[in-house]
Amino acid sequence: MTTETKKYPAGMHPVLPPPSGSVGPVRWMRDNLFSSISNTVLTLLGLYLVYIIVPPFIQWAFIDSVVVGAESRKECLAIMGEDRGACWSFVYRRWGQFVYGFYPVEERWRVNVAFILAAFTIAIVLVEKLRNDKRILIGAILLPVACFFLITGSSLFGLVSVPTNKMGGILLTLIVGLSGIFVSLPISIMLALSRISKLPIFSIFATIFIEFIRGVPLITLLFIASTLLSYFLPPGSNFDLLLRVLIMVTLFSAAYIAEVIRGGLAAIPTGQYEAADALGLSYWQSMRLIILPQALKISIPGIVGSFIGLFKDTTLVVIIGLLDPLGIGMAAISTTEWAGLSTELYVFIGLFFFIFCFSMSRYSLHLEKKLHTGH
Amino acid sequence: MSGTKIQEKKTVTLGSLWRDKKSRAVIMQIIAVIGVLLFFGNIVSNTVENLDRLGVKVGFDFLTEPANYDINQTLIEYDSTDSHFKAGLVGLLNTLLVAGCGIVVATLLGFTAGVLRLSNNFVVSRLMQVYVEITRNIPVLLQILLWHGILIHSLPVPKKAEAVMEGVIFTNRGAYLPQPIPQEGFGWVWIALIVGIVFAVLFKKYANKVQEETGRLIPAIWIGAAAIIGLPALMFIIMGSPVEMSYPALKGFNYQGGFVIKPEFMALWFALSIYTGAFIAEIVRAGIQSVSHGQTEAAHALGIKPNFTMRLVVIPQAMRVIIPPLISQYLNLTKNSSLAIVIGYMDLVATIGGISLNQTGRALESMAIVLGVYLFISLSISALMNIYNRRIALVSR
Amino acid sequence: MKKLLPIAVSLAALTAMNVSASTLEDVQERGVLKCGVSTGLAGFAAPNDSGQWEGLDVDLCRAVAAAVLGDSEKVEYVPLTSKVRFEVLKSGEIDVLSRVTTWTFTRDASLGLNFAGVNYYDGQGFMVPKALGVTSAKELDGASICIQTGTTTELNAAEYFKLNGMTYEPVPVETSAEGRSNYLAGRCDVYTTDASALAAQRSVFENPADHMVLPEIISKEPLGPVVRHGDDQWLDIVKWSHNAMLNAEELGINSKNLDERGANNKDPSAQGLLGTNEAKLGAMLGLDKKWAYNIIKQVGNYSESFERNVGKETALKLDRGLNALWINGGIQYAPPLK
C-alpha cells in the first residue's frame, strides 16, 4: 500500500481489491450459511445431522470393523471386543461367490475376460472418438457375442459349457442389466416408431404393448417368467429360467426406453421431417439418416436413466430364486456362521449399486450438459 | 417414386402393390394383424393344450371358496373362513393404503427437498443433494429390506418396551398409539366437517368473484381453513367430547388395544416414501428451474409482491412441468409397493398372487387378476393425467 | 411389435428342448436327472461347504438317478421356493420334485400332479424360546407367529387357533432364512412349520438349547416326492426307488453288505431286489437289472440315509418315530417286491 496518493487519468485507476469483509470465507459463510435466523437454524440443524450420522457410521464401517481373520460372526465379535463395528468378513470370505456366483472356480478366468471385453464395449460406446469409427463400432457389436460364448461355453472353442444356474452374483447382475439394455434398444426404437406411426394398426399395437408393460410391476412379469411362461409355449418345450427372465427384462426395459425415444422423436422440429420429404427420401431413409440420429442423441440421457432403473431392478430376480449379489449375501447370512449380519449385507450391496448407478447418472448429467451447449 | 407410380397403376401385380405407398401400408398392417393374431392364437392353443394335458381346469370359481388363511393387517373385517376374493380385496386395500400413505409422505419430502436443494444455504442444499443421490441410486428392494431389518432388530420386543408417553409404545411388532373410538354423537362432528369443507369451497369461489369484480382481496384460504377446523372442533365441544381413547396395554404376548402400525407397513412406507421422495425432489427442482428468470423479473417490474410472485407466477408455471412426471412417480410408487412380499406385508401380490395362488394352484387366474388390477390402476391414473394435460395445454394458449 | 414376434419365435425355437412323452427317455437321453429341492433346509436339502447337495430329499433324487442312470451323482439340483415348485414341475423343467412337499388331497387331485410315496412322515409343530415360559401350544393365545407362506402351514395354523378359540398375529415369511431372522429378532414369539424343519432351523441357531419345540403336533404332513400327471412309468420308477430303500432296510441290506447278500443263494428276496437272480424287476420298470443295487450301493438303504442326514448323530437329532419301519413300530411300510 502506498501512502502517497497518486493521480490517475479518468478511467485508469487500477482495480482495487474489495474491502476485506466482503470476500473470503467469512463473507461466504455470512452470505450462504447465516444470512437470516431461519437460515442459521437450518445450517446448524444440517451440521448436527451430519455430526450424528457420519462419524458413527465411519466408526462402525471402517474403524471398528473386521474384514480379515474371522471365520464366523462369533470370531468377529471376539476380535472387536467392546467396540461393536461392522463384520465384513463374510464378504471377504465369499468374495468369489459375490462376483461369480457358483461359476466353476477353474473356469472363472473366462468371466474375467468377458468382463474386460464388456468394459471395452462400453468404452467404445461411451467415448465419442471411438464411436465414430465404423470399424470399431462393428467390433463393439461383436464383442458381446464373444462374451456370450465365453460365459456360457461352447464346444466349438473347446470351452466347457456352464449351466446358467451356476451364474450368480455381480456376474448375473451384469448379464441381466447389460443384455437387457443391448437387446432392448433396437426393440424400443421399433416400438417408438410404431407408436407414432401414421399406420393405425402399428400405432395401436405398440401403444397397447407399451401401456401394458408400463402398467404392471416388474415383479409380476418375473413371476410370469418363472411360472406361467411354460403354459404359453408348445407342449413339452421348455427353456432356461435365466433366458426367460432376460426376455421379460428386455421387454420391460424396451417399453420404458420406447417412451424415452418417443419423447426424443417428438422434440424433433416438423421442419426436419418436411425437409427429409422434400429431399425425396423414403420413410426408412429419412428415419435412418435424419430423424433417428437426432432423436437418439436427445434421448441418450433418458436412456441412461432407464438403464440405471433397469440395473437397480435386477435385484428383483432374487424374489424368483436367482442368486444375484443380494441372493448370494442372503444365502451367506442364513448359515450358522454368519447369521445376523443383515445390516452389513444391505450396506455392502447398497454401496455396490450406488457406485455403479451414481457414476452412470454423473455420466448422463455430463452428456446432458454437452448436448445443451451444442444448441 | 411417387411420380412414376401413377402410370404403372394399370397393371396391378404384387410388386406394384408393394411399391405403392398406400397399398403397402395396408399390406403391412394386414401382415402385422395376422402376425399378432397368429402369435396370440398360438399362445392360447398352447395354453389350452398344456392345461388339457395336465388335466387342470381353468375358471374363477375358486374365488368363492374359503381362503382358510389369516392376514395380519386388514382394513375390512376378514376371517379365515372368508373367500379368496375377500382375501384379495384385503390385499388390494393394503396395497392402496401403503401407496396412498407413501404418496403423501413422498410428496411432502420431495417438495421440501426439491426447494431446499435450490436454497442459498450451502450446507442445506448439499445435504439435500446427498439425500437425493444416495437414495436414488440404491435399489428400492434393498431399502425396504434395510428398513425392515432396522425396525425389527433395533426396536425392543413388547415385554422390554417402555412407553414414550402415555399410550405411545414403539416395539418391533409395531408402533402402538392411543386410538380414539367415536362414541354416540360423533356423527355430528363428521357432518360439521363436511359443512366446513363445503363452506370453504363456496367461500373461495365467492372471494374469487369479488376479486375479479372489485379487485378486493379476501383471505379466503385462511377463513376456509378456520371453517374446516373450527366447525368440527366446535361441534366436538358441544357434543361433550364424544370419543373414548383406547390405550394399548400389554396382555400376554402382545400389546392389545389402541392403534397399531405394523413394522412391515412402516418399513415399506418409509422406504417407498424416501426413495420416491428423492425422485420428486429432482422433478420439483427441474420444475422451478424451468421457469425462466425473466418471469420473476417481469412480475417484480409489475410491482407484484415477492410472495405473490412465487404463488401466482412461478409456481403455476412450474406445476405444469412438475405434474406429469410427478404422477408417473406416484404410479411407480404404487407398482413398487408390490415388493412388499419380501418382508411379508400382505398386499395384493402376497394375497391373491401369493398364498391364494399357492393354495389353489390357480396360477393363471390369480396372476391375471393381479395384472388386471394393476393395469386398471395405472390406466385410470394415466387417463386422468391425459385430461389434466389437455386442460393445462389449453390454458397455456 | 412386428419385430417382437420373430424374435420371440426364433428365441423359443433356438432354445426350446423338445421333451418327448416319456420322462424316462428324456432323462436317459439327457444323462442327468433334474430334481427340484429346497433352497436350503438343513437335513433335507442344503449345499455343504464344498457346494455338494446333501439331505434326505437329496438322497431321493440320488436314488432315482442311480436307478435310472446308474450313477447317483448325475443329478442337477434345482433349488425352488415353495411358491414356484409346482409350476416348475408342471412345466417340465424338472423331472421330480423332492422338496418337503406335503401330500394333500387338493394337491393330488387338482394340480395335475402325482405323489410318489412318503419319504418322511411329519407334522406341524411350534418352536418357542425357552425364556417365554410356554409349555403347550394351548397357551399361545394372542401370540405373534412366524409362518412360512406357500405351504400348508398357514392353513393348519388358522384352523388350529380357530378350533381352540385363540387369536394370533400371523407374520408371513417367504424363506426359512427370513423366518429365522424374524424369530430371533423377536418379531414373533413362535415359529411354526413342520417339526422336522423346526429341528433343522434350531440346529443352525447360535444357542439351540435356548429354544424348544412344543409337544403339540397339529397336523399330518406326509412329505414325499412329486411327479407330473400322465407318465405312469415314471411315477412307478420314483415310487419304487423309494420303496427299494425301505425294502432294503427291512431285508437288512445296506450299502456295505449288499454284494455278499446278493450272492447268497438262500436269500431270494434279496437277490430279486439286487437283480442277481432271474426275477426281472428292473425290466418291468424299464430299467436294467442293477437299478436297486445301484441305489443301495451308492445311496444306501432308508435307515442309512435317515441317520446320515437327520438322525441322532446329526445336528437335527431327530428320532425315527413315525418313520421307523412298520416292524419296528413306525409306519414306513413298503409294498412287497413280488
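**Chain B in detail**

A: Of the 397 residues of chain B, 36% count as buried, a residue being buried if 20 or more other C-beta atoms, placed from the backbone, lie within 10 Å of its own, exposed if 12 or fewer do, and partly exposed in between. This is a predicted model, in which local features need pLDDT of at least 70 and side-chain atom pairs count only at pLDDT 80 or more, whereas totals for chains, interfaces and linings use all residues. Residues are numbered from 1 along each chain as its sequence is written, while chains are lettered from A and ligands numbered from 1 in the order in which they are written.

Chain B has 13 helices and 8 strands, taken as DSSP runs (H or I of at least four residues for helices, E of at least two for strands) and numbered from the N terminus.

Among contacts in chain B with a separation of 6 or more, 66% join residues 24 or more positions apart, a contact meaning C-beta atoms within 7 Å.

Ile144(B) and Leu268(B) are among the residues that touch the most other members of the largest nonpolar core, which has 263 residues; such a core is a set of buried Ala, Val, Leu, Ile, Met, Phe, Trp, Tyr and Cys residues joined through C-beta atoms within 7 Å. Apart from that core lies another, of 7 residues, including Ala192(B), Ala200(B), Ile228(B) and Leu231(B).

Key. Contact = placed C-beta atoms within 7 Å.
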